[in-house]
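Hello,

I am handing over a structure that will be new to you.

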Amino acid sequence: MRRISSGLAVLNAAPNVLVFSPTPTHRAIQGNRQRVFDMCRAMQSMGAKVTLLYYATEPVSAKDALMMTAAWDAFEVIFPHTLEHRHSLVRHPAIDDWFDEEIAAAISRLVSTRHFDVCVVNYVWYSNLLEVLPPNVVRLIDTHDVFGGRAEKFSEIGLDPAWFHTSVVQEGAGLDRADYVLAIQDEEARLLADRTSAQVVSVGWLSPDDFLPLRKRRAGEPLLVGYLASANPFNVASILNFAAAASNRPDVLEKIEFRVAGPVCDALRPISHPFQLCGIVDSVSEFYRNVDVAINPMLGGTGLKIKSLEAMRYGKPLVATAEAMTGIATHHSGHALSSPEAVLEHLLELATRNSLLAGEASISRDVYRRYREEQLTAFRSLWSGVMASVRSRDGMTARPDHPEGVA
Amino acid sequence: MTTLQRVPEVHPSARRSPLVIFAPAPPSKSGIATYVDELMPYHMLDFDVTLVLADDAALPEDFANGPRILLASEFRRHRSCFSDAPKMYHIGNNPTHCYMLESLTTDPGIVVLHDFNLNYLHQSATTLHPESRAYQRAMLRDYGVFGDDNIAWQSARQDREIFATYETPLNGAVLESAVSVIAHSRYVQYKAAARAPHVPVWYVPHHLSPQIGEFAQLAKSTARKRLGLPQQPLIITVLGFVTRAKKLHFSLKALAELRNRIPPFRFVIAGEQRPSEYDIAPQIESSGLRDETICTGYLEENEFFLHLAATDLIVNLRYPSGGETSGTLMRALSMGKPCIVFDDGPMGELPDAVVRKVPWGEFAQQEFTAALYDLLAFAPKRQALGANAAAYARKHLGIERIARKYADIVRSKRKRLTPPPTTGTRHYFPSPGSTARRVRAFEAGTAETLRACPARLWIASSAVPMGGNGRSAVVVSERPDTLASLLCGIFDWAPDSVTAITLEDFLGERVHGSDGRSVQSGIFDLALVTLSADMPENRCALLMRRINAVLRPGGSATIEVWQKLVDEVADPPLGEARLPDRLRDAGFSCIRRSSPADGIIVELVAPADQGDVHLRFACATAQKTSEMAVWRYRDQLPGFPAVMGRPVVESGTPEGSNT
């Protein structure tokens, strides 16, 4: 048996991590679910034992609950006391207005029977739960997005701030409760670092690549172009804009068939558009398997553009605006287009020159690989720091840890 | 025990060896219950008998003189007390035998196969306990993907019994778990021996019922008087449950045709009718024989023999045959009654002088009508046939002789040549977190080993079960040693329990491990195989069949395939999309696909090189359910017939089935 003598010690000394999330990890049909899943899996891959504490704001099926039980070392559920939110301030909810005392009670019960080295809170408005933890627990907040000043940013482009928003000061107060703050991209990390005294680290998307082969096109077959997105206001505004532009280009529609999937389809149903609507698909990978090219004609928006990363994760050629690639390092001209019209032009070229697709797919794979390697490096560095904090708080000097893996 | 039997009493202090018999008993209406009850006094002379009944069976009235009785649940609780006792299972194709299916595998014994076809038995087991999925499991086990397809096909049809009951006997599990088998006909003996070649199959004819003693001497006129039947007309009788297979319409049509050529007659249908399954009334009506036909309904034992005594001719047709030997026919023979049967199945084995046999075929109706006329019109022919039947029964079917055969078989040393196939123990697949910690606890060279591994999605997605005591694995790959090393290190398989074989060797003429010894079939709990998806199709077919062959029933197969992202082969034979169906065709179920998104992030454990950037990996895990492995060629290859199960003759030659 090829096993080192310290093997069992490593198994037994795995750090215990409590992850609080208001979104389930299964099925990962939304970007935020995928983010929580990836962070949990990354910590597990570093040897941690992950307890997922799900605050049930979204319905889950029994099958999904079973999958979560199997995926994580422990799975706990808290049911909300109420889903009605307070709105304490004039213009914004205060940082703890969406916090439910049931969460604090559940955390108290949990920490009274189990030991945790690290706690990760998803979304800053649940940061109040960090106050309930014993002092030796290392605290992390995974922000997902910037919520301080979100309302102002939305109103600039004439949209209502859907979901949570607060003031910059309130957001800072929440972030200060943590030892580490995770931003989803560098730009947001810089912004958040100005608002909090906690250490801010940028860790983006960690999902493993799942590159799909190119679809075999028959002669004369139109180019199949796919767009899969949620119904957030920026996505809706962007696809409506793109639909208007495409409707005016019969030469494009002759050679290209557009397939739109995900909750964004609901926004397109009342209007006239040239797209085939697929609704919510059972399998994201099957959707991408059956298209030749993915697009992200995004204008504006906050956070990381998961749609762009997802398309590249499946190895599909991606045609996107520059704003759709915020936080993703790329020098490809097809990833820095300025308008929906430019996206259409690029697609037309791909439709007429089939040989370009293999090269574009290769670019997507390379961009994604580089991006992910950077994020894995950032995650390793973060984990190294977190483990150092754990050791210092426990007064442990020789706790087994392999921050760089076993390589 | 019947009151008429004269069996010597056994002294209470006599020490007899134990025998556990699983069988229905009276008051159950089953013919097998009567059969076992008639033999029981003789068994009790030879053995200390424990009779195991179904939990819901009605208990026999005569406890004092019968064997020790246990319900199935009681037997399970006390089975350790009977661990050394031989067991005997009387299996028939009806619901009263369902309770034996579980014990047959846990406590193997001698199987008395009253019906070769056990399809309805498994259907009944599913009806009684739907959660057991007994029928689906048996169909999958015996017929692999065809069984699965057949269930789907049956559920879409109204007339499913026509096919399902006779073409799929579903006796594989019963026969293969048996220590030995007893058949009542050569027909079943040969078929059972072919189905389970390692199991000795004995021929023991159906015995002559002891009850005939009372009725054999009964005058026909007395019997008719007691039954209220007319004295003068000829009586033609069909005995037993009214089913489609008994071809009653043959008799109705023939008698309608012969009505004016033969003496006056009555046609007696003496048995229980189940109109919901098969309704004979409309056919009686349309034949115009309503006034001549008498339907008795279910008969008690006494009435049954009275009808035998009262009749002039027994019609005992059966097609298709489920392999059963007709107890009714044996009783009719022993009472010297002339009988007409089809020359098919067990009944076709009887000498020509003993029964009148009608060949089954295109002209069966005409042949039957002619035979019926011959026997009804000429009394001496009937009498001669009846006399021959009685002489044959007395000479060959005496119950004491048969009971001695049973005793000899129980004591015989001739048991199966190989132990019954053991089903693999339960598989425990580690959670992703556990796998991550195990990978990290692996030795310092993990990264190097992982990098050298041609495929590692099976590790990342925890797609192999944990090892354990007595479990063995076969690893097939271009670099099997690397995979074997990871399998042992991460998933706790003992190194000496893992056989590593290169793909080339595994597909060679003879399969042998790295030590040069031949690899046995049916002994591994896990087959871990990694290969390129675009291997030639005939080699893929051979690979899937060999994977099936090396695994024990219930064993787990994990197959990881890769293909180039820009591939020359548009749709490789073992491509990702086809892999689950290929596994299903090869006799596997519980198929689970793994994706990179499901597992641990391997790069956090061992940073990857960039060598596989243009490859796509796919992995699937499945459990062996059937030994029936099929490969469906994508295109019919010109010049090659459909062949199943033949070894590859030469490289490039297709084999397997073209379905």
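**Cores**

A:Leu347 touches A:Leu223, A:Val225, A:Val252, A:Ile256, A:Val293 and A:Val319, leaving aside residues up to four places away in sequence. Keep in mind that this is a predicted model.

A:Leu347 sits in the largest nonpolar core, which has 247 residues. A:Leu347, B:Leu487 and B:Ala527 have the most contacts inside that core. Which helix gives the most to this core? It is helix H14 of chain A, residues 356–394, with eleven residues.

**An enclosed helix in chain B**

Chain B has its own helix H14, residues 327–334. Eight of its eight residues are buried, so this helix is largely enclosed by the rest of the structure. The buried residues of H14(B) include the glycine B:Gly327, B:Arg331 and B:Ser334. B:Thr328, B:Leu329, B:Met330, B:Ala332 and B:Leu333 are buried in H14(B) too. Just after H14(B) comes B:Gly336, with a positive phi of about 70°.

**The sheet in chain A**

Now look at chain A. Seven strands form an open sheet there, in the order S3-S2-S1-S4-S5-S6-S7. The pairing is parallel. Which strands are at the edges? They are S3(A), residues 74–78, and S7(A), residues 199–202. Each of these pairs on one side only. On average, neighbouring strands of the sheet are turned by 20° against each other, direction ignored.

Take one pair as an example. Strand S2(A), residues 49–55, runs parallel to S3(A), and five bridges join them. A:Leu52 has A:Phe75 in S3(A) as its bridge partner.

A helix packs on this sheet: H2 of chain A, residues 31–45. H2(A) touches S1 (16–21), S2, S4 (118–122) and S5 (138–142) of chain A. The direction of H2(A) makes about 160° with that of S2(A).

**Two crossing helices in chain B**

Two packed helices are described by the angle between their axes and the distance between the axes. H10(B) passes H13(B) in a left-handed crossing.

Which residues meet here? From H10(B) come B:Lys220, B:Ala223, B:Arg224, B:Arg226 and B:Leu227. They meet B:Leu306, B:His307, B:Ala309 and B:Ala310 in H13(B).

Best wishes

Notes
Residues are numbered from 1 along each chain as its sequence is written. Chains are lettered from A and ligands numbered from 1 in the order in which they are written. This is a predicted model: local features need pLDDT of at least 70, side-chain atom pairs count only at pLDDT 80 or more; totals for chains, interfaces and linings use all residues. A nonpolar core is a set of buried Ala, Val, Leu, Ile, Met, Phe, Trp, Tyr and Cys residues joined through C-beta atoms within 7 Å. A residue is buried if 20 or more other C-beta atoms lie within 10 Å of its own, exposed if 12 or fewer, and partly exposed in between; C-beta atoms are placed from the backbone. Helices (H or I, at least four residues) and strands (E, at least two) are DSSP runs, numbered from the N terminus. Two residues are in contact if their C-beta atoms, placed from the backbone, lie within 7 Å. Two strands pair if DSSP finds at least two bridges between them. Axes are lines fitted to C-alpha atoms, for helices over the stretch in contact, and angles run from 0 to 180 degrees between N-to-C directions. A crossing is left-handed if the near helix is turned anticlockwise from the far one by less than a right angle, and right-handed if clockwise.
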